[in-house]
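Work through the exercises below with the sequence and the model at hand. Each task is followed by its solution in steps.

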Amino acid sequence: MLSKVKSMSLMGVCGYLVEVQVDVAYGIPSWDVVGLPDTSVREAKERVRAALRNVGIDFPSRKVIVNLAPANTKKEGPYFDLPIAVGIIMDLEYIRCDNIAEYVFIGELSLDGKINKINGILPMCIEAYNLGIKKAIVPYENRKEAGVVEGLEVYPAKTLSDVIEHLNGGRPIERYQTDVQALFSNERKYEFDFSDVKGQESIKRALEIAAAGGHNCLLIGSPGSGKTMLARRLPSILPDITFKESLEITKIHSIAGTLPSNEALITYRPFRAPHHTVSSVALVGGGSFPKPGEISLAHYGVLFLDELPEFKRNSLEVMRGPLEDNQVTISRVSGTLTYPCDFMLIASMNPCPCGYYGSKEKECTCTPNQITKYMGKISGPLLDRIDIHIEVSPVKYEKLESEEKAESSETIKKRVNNARAIQSQRYEGTDIICNAGLTPAMINKYCKLGKEEKEILQSAFQRLGLSARAHSRILKVARTIADLAGSEEIKVEHLAEAIQYRSLDRKYWS
Ligand SMILES: Nc1ncnc2c1ncn2[C@@H]1O[C@H](COP(=O)(O)OP(=O)(O)OP(=O)(O)O)[C@@H](O)[C@H]1O
Ligand SMILES: [Mg+2]
């Protein structure tokens, strides 16, 4: 006899349907899995055999063939243990269930029959729902993220016996649903707040602009000037996330296995700060068992690269493409995968190896050659992709001592939200959400300059020796500054402030 059970697998951040066909026939005892399984899928047979024995089902000495359809995509991972086991049990007639076609089964088995948590449940359940599947049996530990998919009946199972009992109608599993409304109505608190930072008003202003327009940012300053402290507070002033963004973020973390086990959805903007020893694969994604990298884990949030020149040059260069495209494509033998990565890059660095070049506090002990070599670790093209460059000087002692309470993140965030609202209204109906994403055609349309402004930009261009890319970046930042001021036109003061955020190129890199 032949039994057919539905399951799901993953391609990039999308789930796709896999039909598990099982045939248990009389013949020389053997077991074959066909349909391009990789090693982890082939190993399913050992786990399934042991799990069946341990739930009291005698595995027959027969010829078992498992086919995973469609046969033209490579199947990876342990997702098929549960559907294969269910298929075999159906074939052996331990399960009598008329509506098996309404179900999708996803889960890895332990030898004792326990169903283990797996990665990527959310995108798989979303796709199952899109395909019109009504019911999903998922590992108990994945119930919260699966329960987010409204309209899909989610049945969390702890063991294979639970599944058998449920399908036979003996002891039905209770349906699980996550209360998405409640998750979003909770006030989202961030660990760090800008009110802890004394003084540094100009830097906070620059970070506010960065947050308002989604611009990448580089902080340059001496040790202890507060670069790390400031960068860590950035997520607290970014606009609140929408349900759609939250789903996109959670999908990626679900696949990567970085979703905290007690959370159904990620309802805050991610902040990723990989160490500078990170490999290029860990940064952009990929690997023999492909996973999203740090840039994708920072999707709709912040990627913080502290001590930028310490990163391997190769790691930084592979980020250039994704920084422009907001997605990363990974080539594999079995095809290509795409992961989204729309993140804000915040980088910090010292201006030289000793850290005090250009500092008023302490004398720099580096030779010009050492400084050039150090700064040269950041390539021009990468630098060009960073809209805002900020010089951070240490806060004055009097400011540190003062009792005066600095502006809170909440107040700053209100202004950011207003500027973002103007942008979303302006770019309605396009893929663009903020000024940082403007295409050249849109820059021409939305960042028009008056005569006086044009002259200022032209002279700044000659004075600072800027590249064509810097030109469009200045216009985008000026657009954001005008939006923060609630101004329809980009005026002289907006443009002048935007130009100032590119003037460090000349000081440190010429
Ligand atoms: N403006 C400030 N207000 C309050 N505390 C500050 C401020 N600036 C610096 N500090 C204090 O100094 C510490 C060091 O700052 P931080 O680690 O951010 O410096 P940094 O610029 O990243 O230095 P490094 O280049 O060595 O990494 C902070 O943890 C904080 O306690
Ligand atoms: Mg630091």
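**Exercise 1: Backbone exceptions**

Tyrosine 300 counts as buried, with 23 C-beta neighbours inside 10 Å; a residue is buried if 20 or more other C-beta atoms lie within 10 Å of its own, exposed if 12 or fewer, and partly exposed in between, with C-beta atoms placed from the backbone. The model is predicted: local features need pLDDT of at least 70, side-chain atom pairs count only at pLDDT 80 or more, and totals for chains, interfaces and linings use all residues. Residues are numbered from 1 along each chain as its sequence is written, while chains are lettered from A and ligands numbered from 1 in the order in which they are written.

Solution. 
1. Most residues other than glycine have a negative phi, and most peptide bonds are trans.
2. In tyrosine 300, phi is positive, near 60°. This tyrosine 300 lies in the loop between helix 12 (294–297) and strand 14 (302–305); helices (H or I, at least four residues) and strands (E, at least two) are DSSP runs, numbered from the N terminus.
3. Glutamate 93, not a glycine either, has a positive phi of about 65°. The loop between helix 3 and strand 5 (103–105) holds glutamate 93.
4. Glutamate 93 is exposed, because 9 other C-beta atoms are within 10 Å.
5. The peptide bond between alanine 69 and proline 70 is cis, with omega about 5°. Proline 70 sits in the loop between strand 4 (63–69) and helix 3 (81–91).

**Exercise 2: The two sides of helix 20**

Task: which residues of helix 20 are buried, and which are exposed on the other side?

Solution. 
1. Helix 20 (residues 451–464) has 14 residues and spans 20 Å from its first C-alpha to its last, close to the expected 20 Å at 1.5 Å a residue. The expected span is 1.5 Å times one less than the number of residues.
2. Glu453, Leu457 and Ala460 are the buried residues of helix 20. They lie on the same side of helix 20, because they cover an arc of only 65° around the axis, the arc being that of the directions from the helix axis to the C-beta atoms.
3. An α-helix has 3.6 residues a turn, so residues three or four places apart point the same way.
4. The other side of helix 20 has exposed residues, among them Lys451, Glu452, Gln458 and Arg463.
5. The buried residues of helix 20 pack against helix 21 and helix 22 (492–500).
6. Glycine 465 follows helix 20 and has a positive phi, near 60°.

**Exercise 3: Helix 8 against helix 21**

Task: at what angle do helix 8 and helix 21 pack, and which residues make the contact?

Solution. 
1. Helix 8 (residues 201–213) and helix 21 (residues 468–484) pack at about 100°, with axes 9 Å apart. Axes are lines fitted to C-alpha atoms, for helices over the stretch in contact, and angles run from 0 to 180 degrees between N-to-C directions.
2. Helix 8 is therefore roughly perpendicular to helix 21, a term for angles of 65 to 115 degrees.
3. Helix 8 contributes Ile209, Ala212 and Gly213 to the contact, and helix 21 contributes Lys476, Val477, Thr480, Ile481, Asp483 and Leu484. Two residues are in contact if their C-beta atoms, placed from the backbone, lie within 7 Å.
4. Helix 21 is mostly covered, with 13 of its 17 residues buried.

How values were computed
Angles under 35 degrees count as roughly parallel, over 145 as roughly antiparallel, 65 to 115 as roughly perpendicular and the rest as oblique.
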